[in-house]
Amino acid sequence: MAAPRGEFTSRFGFLMAASGSAVGLGNIWGFPTNAASNGGAAFLFTYLILAFALAYPALMAELIIGRYARANAVTALRTISSGNKTRLAALLVGFIGIVTVSFILSFYGIVSGWMIAFFFDPIARLLGASQLSAWLTNDAVMRNSLFVVLFMLVTIYIISAGVKEGIEKWASRLMPSLIVILLLLIVYVLTLPGAMDGLRAYLVPDFSLIADPSLLVDAMGQAFFSLSLGVGTMLIYGSYISSNENLPTIGSLVALLDVGIAVMAGMLILPAMYVALASGVEIYDDAGGLIAGPGLIVSVLPSLLTTMGAIGVFVAIAFFALMTIASLTSSISMLEVPVAYAVEHHELERRRAAMLIGSAITVISLVIVFNFDPLFDLVVTVTTEVSQPLLGFAFCIFAAWIWQRSEILEEIKQGCPEVESGIFWKIWPFYVKFICPVAILVVYFQ
Ligand code: TRP
């Protein structure tokens, strides 16, 4: 027998869990570097518009469907479909979502593993273990395998414990720590020489770039990835929200937290890069752009930190703790998608489901680690640039074209009785029906 469904016990718990899912490597690493290579504040500006105009409505679609159906993505999409064909499409979309998010987790786990290794490095140096330190920071198959396994074990452990004792408990501990560490790091980095140049590069817009189609594509991809959309993550978290909650309000709080932390992360990463430049570290790549890929986090920042002497050790510990926490609250939300499906659909016990599926995903990660060059970029591109936008499109179609409008309204009215006369109900249905799908397709085919 499947266990009774879990539920978040408080608004705070849900907010920490959902913003924990949203805030991840995408915010602290992806957003600042995207901004840096797309004209600083021009990107920031476009991103803010897209996040609220496109991603927020799509987020709401997932939360509402999830809470209405109180089930995993496959079951939920089937519940809101009526005809045979749409039910088949529901099965397909739900299932592709589950597969997509599992593959996203398989590469996300690898990068998160690097973050743990870099977290241990300053500790090793503090203890005088220089060989260990060299091993931890050297990009080798052995190290990568070990740390992806470690990271996945922690993820499996939290998901095994369930919604309340696992996801909610850990997100409520980790997210406040993340915010505190981030604030402390920003304050410290802004006092260093060169930081103001970075702040300028970030906040002074180069509006000549704003019409650049690649900026739009990057900003939309960033917004969808960052809000964890399209693969049923937010749907499943939505399915654990109490009926008394006001969905439009908590949805907007999640979006605000996500965007807010991304913007704040920019105030850390860009100034840090220019501080590194001022201390002689190379921050531009061969093409003259800012180094944005893995090199930024695993080479530019560590080089900067080692020039900082003793304090650099503590800053490094804080920074990679921040990255590890951000990764973990996101990875649990990814693993929850297939696990919830297995528990509800195949009546598997949660612990077993978490172990089995988590191990299968770890095996995929290991295959990628062992064949990094051909596989890593491929998996990232197919999941985040092809699959995710198309699934986001499908979710909008399900919410706006297939599901009955009266049922949507009834669902939101629980916990928000006045919704019909408010601004949300005036704008949102039209948005999800027309603007979101069209915009997603237009940007997709750019
Ligand atoms: N949003 C997270 C980030 O910014 C990553 C994430 C969590 C995610 N769950 C997801 C991305 C589901 C895509 C789909 O890092």
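**Exercise 1.** How do the residues of the lining of the largest pocket divide into nonpolar, polar and charged?

*Solution.* The model is a predicted one. Begin with the extent of the site: the largest pocket has a volume of about 1,200 Å³, and 34 residues line it. Next, sort these residues by class: 18 are nonpolar, 12 are polar and 4 are charged. Finally, locate the centre, to which Asn-34, Gln-222, Val-380, Thr-384 and Glu-385 lie nearest among the lining residues.

**Exercise 2.** Identify the helix that supplies the largest share of the lining of the largest pocket.

*Solution.* First list the helices that each give at least two residues to the lining: H2 (25-37), H5 (84-126), H10 (213-226), H16 (372-402) and H18 (423-445). Then compare their contributions: the largest share, 10 residues, comes from H16.

**Exercise 3.** Compare the span of H5 with its expected value.

*Solution.* Count the residues of H5, which number 43. The distance from the first C-alpha of H5 to its last is 63 Å, close to the 63 Å expected at 1.5 Å a residue. Just beyond H5, Gly-128 adopts a positive phi of about 75°.

**Exercise 4.** Describe the surroundings of the ligand and its polar contacts, using a cut-off of 3.5 Å for pairs of N or O atoms.

*Solution.* Start with the neighbours: 17 residues surround the ligand, the closest being Ala-22, Gly-26, Tyr-108, Phe-225 and Ser-226. A ligand nitrogen lies 3.2 Å from a polar backbone atom of Ser-21, and a ligand oxygen lies 2.9 Å from a polar backbone atom of Gly-26. Last, consider burial: the ligand taken alone exposes 360 Å², and the protein buries 100% of that.

Definitions and conventions: Residues are numbered from 1 along each chain as its sequence is written. This is a predicted model: local features need pLDDT of at least 70, side-chain atom pairs count only at pLDDT 80 or more; totals for chains, interfaces and linings use all residues. Side-chain values use heavy atoms; hydrogens and water are left out. On a 1 Å grid over the protein atoms alone, a cavity is a set of points where a 1.4 Å probe fits but cannot get out, and a pocket is an open set with protein on both sides within 12 Å along at least five of seven lines; lining residues have an atom within 4 Å of a point. Grid points are joined across faces, edges and corners, and a volume is the space filled by probe spheres set on the points. Helices (H or I, at least four residues) and strands (E, at least two) are DSSP runs, numbered from the N terminus. Ala, Val, Leu, Ile, Met, Phe, Trp, Tyr, Cys and Pro count as nonpolar, Asp, Glu, Lys and Arg as charged, and the others, Gly among them, as polar. The expected span of a helix is 1.5 Å times one less than its number of residues. A residue is near a molecule or strand if one of its heavy atoms lies within 4 Å of it. A polar contact is a pair of N or O atoms within 3.5 Å; within protein, one must be able to donate a hydrogen and the other to accept it, and residues adjacent in sequence count only if both atoms are side-chain atoms. Accessible areas come from the Shrake-Rupley method with a 1.4 Å probe; for residues, only the protein chains shown count as cover.
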